[in-house]
Amino acid sequence: MTNPSSSSSSSSSSSSPSFKPPATLLIVGSGVFGLSTAYALTKRPEWASTEITVLDRAGGGAPSFPANPVFPSRDASSIDSSRIIRADYADEAYAALASAAQQAWRRPGADSIGGEGRYAETGFVLVADEEPPRVRNARGLEVKSGMGFARDAYVNALAHARHAGPGKDSEQQVQLLDSRAAIAKATTTGAELGDWGYLNRGSGWANAERAMAWLYENVKATGRVKFVSGTVARLEIDAGQRKVVGAKLADGKSVRAELVVVAAGAWTPSLVDLRGQAVATGQVLGYMDITPEEQARLGQAPVLMNLTKGTFLIPPSNNVLKVGLHGYGYQNPKKVTSCLTVPKPTSIGAANDQEQYFPEISVSQPLTHLDDPSLWMPASGERALRNGLRAMVPWPSVAERPFTANRVCWYTDTPTGDFLVDYHPYWSGLFVATGGSGHGFKFLPVLGEHIADSIADKCTPVLKEKWAWKEVTDVERTIVTEDGSRGGQAGLILKTELRKNGPRI
């Protein structure tokens, strides 16, 4: 792990003069946000006296958890064969942050997160179908389209290409693909994947599961962090002080701390009321076995993505090909009483704290292979993956081959795709770090430093504004991430779509 460049981080690790690190810190969640934060804090001298605990379900098998827990949990979104590593963003702040992260991913060696084959710089072909840069959404508002995202990302990619390495300039690193023929050549599969785009030779992919395992082992090696396995039933509060004081576990035990950081990924909205700000959405991934010959050919291909359709392909490894849909996702609404809310003024002082602060509300909750080992993605999602595969690898022997495995990967989506990293405005002692919106993993080498800065009230002004707690006037608002990077159909309900499943595609 590394501190990012001065363009995207504070210049020192000193905290705001008014900030004093807590004596005890509880981080709920051992995924990208939680584990990177724990690691960053262990490196800061001012936190040397803080007792740091990381709490997670740590499930290694379904549905009961093992006697010897595995961190992070096996169904965390970051536990997967591969994730795209890119600085290809329409938003300059994220392009700069990802560029800083990429410098760390590129470093070789066992002591680097991207070393020992955990990162591969294969290049990235980003394209879109012909459409105006901005389109109107279902509410009649103008939002960025896939083409708009691609064109803005191209400008930012050129600006950040200087970080790719010695002897490489922008023209060498970032190649404009302004025709379907040029795109087909760049893909190496012969796929006329879109109408316009570019190839960024400085992007690639990482083995996400191996990178997270590397990070976990490095956090353990500090000797500063205690890992606890348990399912959080709800946060514990001191209602009179308007303060969160810990977490109540499903087995009745409590884990207390002066400051609680909820970084539970797609499970965060089930613990903290984020209605109108963030929602858990399931995204489909398909895997298939390929031959050694196909591995040799596709293994040399760049990462491929069509922003208009949302489908992407990551070069295979170990004779397994992965296809994904970065779409609007599936929601899984459930009634819960585990979510800490802000009480209505008329209810303050009511006799029943449980009903007052943890009322029954509807929240989209993850449904994963640890909950149901037989879970198979909805047919609608599988059709999207199949169509994407046909477009990206137009070889009949591969394009029509059945998927041998699948996954419903859970995002925590925000309306703008911005992260949510901030103190709760009502409950003291509570900090929330979530809202990865399907693009948080690539920042793993630098994200924890920025979250640590945010806890200490020294985050950069640009990120502080983007990651701030949002004032919500409509808690029933359906959240759709409209940053131009999504494709597919919005508003799908997972269980409704699962009931439509017919024969496998």
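Student: Which residues of helix H5 are buried?
Tutor: In helix H5 (residues 180–187) the buried ones are Ile-183, Ala-184, Ala-186 and Thr-187. Buried means under 20% relative accessible area, exposed over 50%, and partly exposed in between (1.4 Å probe, protein chains only). Helices (H or I, at least four residues) and strands (E, at least two) are DSSP runs, numbered from the N terminus.

Student: Where do those buried residues sit, seen down the axis of H5?
Tutor: They fall within an arc of 165 degrees, so they line one face of the helix. That arc is taken from the directions from the helix axis to the C-beta atoms.

Student: And what is on the face of H5 turned away from the buried side?
Tutor: That face carries the exposed residues Ala-181 and Lys-185.

Student: Before we go on, what kind of model is this?
Tutor: It is a predicted model: local features need pLDDT of at least 70, side-chain atom pairs count only at pLDDT 80 or more, and totals for chains, interfaces and linings use all residues. Residues are numbered from 1 along each chain as its sequence is written, and side-chain values use heavy atoms, with hydrogens and water left out.

Student: Thanks! Which strands do the buried residues of H5 pack against?
Tutor: They pack against strands E5 (124–128), E8 (174–177), E9 (196–200) and E17 (303–306). Contact here means heavy atoms within 4.5 Å.

Student: Is E9 mostly covered or mostly open?
Tutor: E9 is mostly covered, as five of its five residues are buried. Trp-196, Tyr-198 and Asn-200 point one way from the strand, while Gly-197 and Leu-199 point the other way.

Student: How many bridges join E5 to E9?
Tutor: Five, and these two strands run antiparallel. Phe-124 stands opposite Asn-200 in E9. E8 also pairs with E9 in the antiparallel sense, over four bridges, and Leu-176 stands opposite Tyr-198 there. Two strands count as paired if DSSP finds at least two bridges between them.

Student: New topic: in what order do E3, E4 and E10 form their sheet?
Tutor: The order is E3-E10-E4, in an open sheet with antiparallel pairing. Strands E3 (83–85) and E4 (119–120) stand at the edges with a single partner strand each, so one side of each has no neighbour in the sheet. E4 and E10 (residues 204–206) pair over two bridges, and the bridge partner of Ala-120 in E10 is Trp-205.
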